[in-house]
Amino acid sequence: MAKHAAAYVLAALCLLLVLAATDAEATQTRQPLVPAMFVFGDSTVDVGNNNNLRKSIAKVNFSPYGIDFPGSTPTGRFSNGFNTADLLAQLLGFPMSPPAYLSLTGGTLRSQMYKGINFASGGSGLADETGRLLFGQVIPMSLQLDYFASVVEHMTKQSGSRRTASLLCKSLFFISTGSNDMFQYSLSRNGRGNDYEFLRGFVAAYKSYITALYKLGARKFSLVSVPALGCIPSQRLRRLNETGTQGCYDPLNDLSLRSYPMLAAMLQELAHELPGMSYSLGDSFAMVSFVFTNPRTKDWNFKVLVAACCGGGPFGAAYPCDKSAPLCGDRDEYLFWDANHPTQAASAIAAQTLFAGDRTFVNPINVKELALL
């Protein structure tokens, strides 16, 4: 019975990847499914905001980052190429992902704000203090929200409140955050933390930001839950250093896994409270777990699931990814690009699943269905 269920899930995911590929081809000849896309979050979706933070060390504006990006250019993306925000934007019909907010000047901001902007910052989290100790300077979610509020103010002054409201209620608000909050909590608790209280605060913070975006005009939300953090290369190395054994770092995986149903329940409740709100929640933990169980299909071929493509030492995580670091030959065969981030190939699976996945991975609807509401 279990084998039949696994086969069904595999077939369903493979089918959605075919459909998503068809959708991607269709974007060459049609308008985007939404008028604009606004992105919030951390390094999983940062497209270069941190390049403009003078005091931040959470920057990747150097090679070999971006080696598979058009022109082999390091752009500030924590990837060898495109990230999930880029690829989801393309599936929605945009030629490119929304640009980094801090890269825009007055003139470019005024023209771009009607198409979408990316506010995400590597190392940031839901809490204002997340990332500051480790990275010096990041853009927390509260400041990302302030930046967006200023954009809405510009839009309203330029186009009026009615046009602004009409644009925003049809636009997609994509959020990928929370991992750094869990990392920081895990590092600081030393076995003495109250996981349930942390998760309650985590979900409450998420709720407050969604509510604030709603008040500014957002109605369509695409959210990505926290993945299996304990299985990324840096946390495998952490387990090896702490216990002398290999495998995923279970305490972080437990937090990630427990956060999803709490987040799902909060969103369901919030959608009943806020008229016109609709959402799509991607179960990132389930997506990653599925790939670990099925590393090779007709749509992907991951040969290395535990080590980073770029980096040195055990799991490619003991030494950073930089110009002197060992680099794998075929990035598409690696699930992880560096010690903490997926490859472009892994991000493509995530984006396609978010866009066209079934209820196994995305609830209550996928992003394509959300966009068409």
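Which strand holds Ser 278? Ser 278 is found in β4, residues 278-282. Strands here are DSSP runs of E with at least two residues, and helices are runs of H or I with at least four, numbered from the N terminus.

This is a predicted model: local features need pLDDT of at least 70, side-chain atom pairs count only at pLDDT 80 or more, and totals for chains, interfaces and linings use all residues. Residues are numbered from 1 along each chain as its sequence is written, and side-chain values use heavy atoms, with hydrogens and water left out.

**Two residues compared by accessibility**

Buried means under 20% relative accessible area, exposed means over 50%, and partly exposed lies in between (1.4 Å probe, protein chains only).

| Residue | Relative accessible area | Class |
|---|---|---|
| Ser 278 | 16% | buried |
| Asn 194 | 46% | partly exposed |

Ser 278 touches Arg 219, Lys 220, Phe 221, Leu 370 and Leu 373, leaving aside residues up to four places away in sequence. Contact means heavy atoms within 4.5 Å. Asn 194 sits in the loop between α7 (179-189) and α8. Its C-alpha atom is 32 Å from that of Trp 337, 143 residues apart along the chain.

**Nonpolar cores**

A nonpolar core is a set of buried Ala, Val, Leu, Ile, Met, Phe, Trp, Tyr and Cys residues joined through side-chain atoms within 4.5 Å. The largest one has 90 residues, and Leu 92, Ile 210 and Phe 221 touch the most other members. Helix α8 (residues 195-215) gives the most to this core, with 10 residues. A second, separate core has 10 residues, among them Tyr 65, Phe 78, Ala 325 and Tyr 334.

**Helices α5 and α6**

The axes of α5 (residues 141-159) and α6 (residues 161-170) come within 7 Å and cross at roughly 130°. Therefore α5 is oblique to α6. Axes are lines fitted to C-alpha atoms, for helices over the stretch in contact, with angles from 0 to 180 degrees between N-to-C directions. Angles under 35 degrees are roughly parallel, over 145 roughly antiparallel, 65 to 115 roughly perpendicular, and the rest oblique. From α5, the contact uses Phe 148, Val 152, Met 155, Thr 156 and Ser 159. From α6, it uses Ser 161, Arg 163, Thr 164, Leu 167 and Leu 168.

**Helix α9**

Helix α9 spans residues 233-243, and its buried residues are Pro 233, Ser 234, Gln 235, Arg 236, Leu 237, Arg 238 and Arg 239. Their cover includes α7, α10 (250-273), α11 (284-293), β5 (304-308) and β6 (334-336). Just after α9, Gly 244 takes a positive phi of about 75°.
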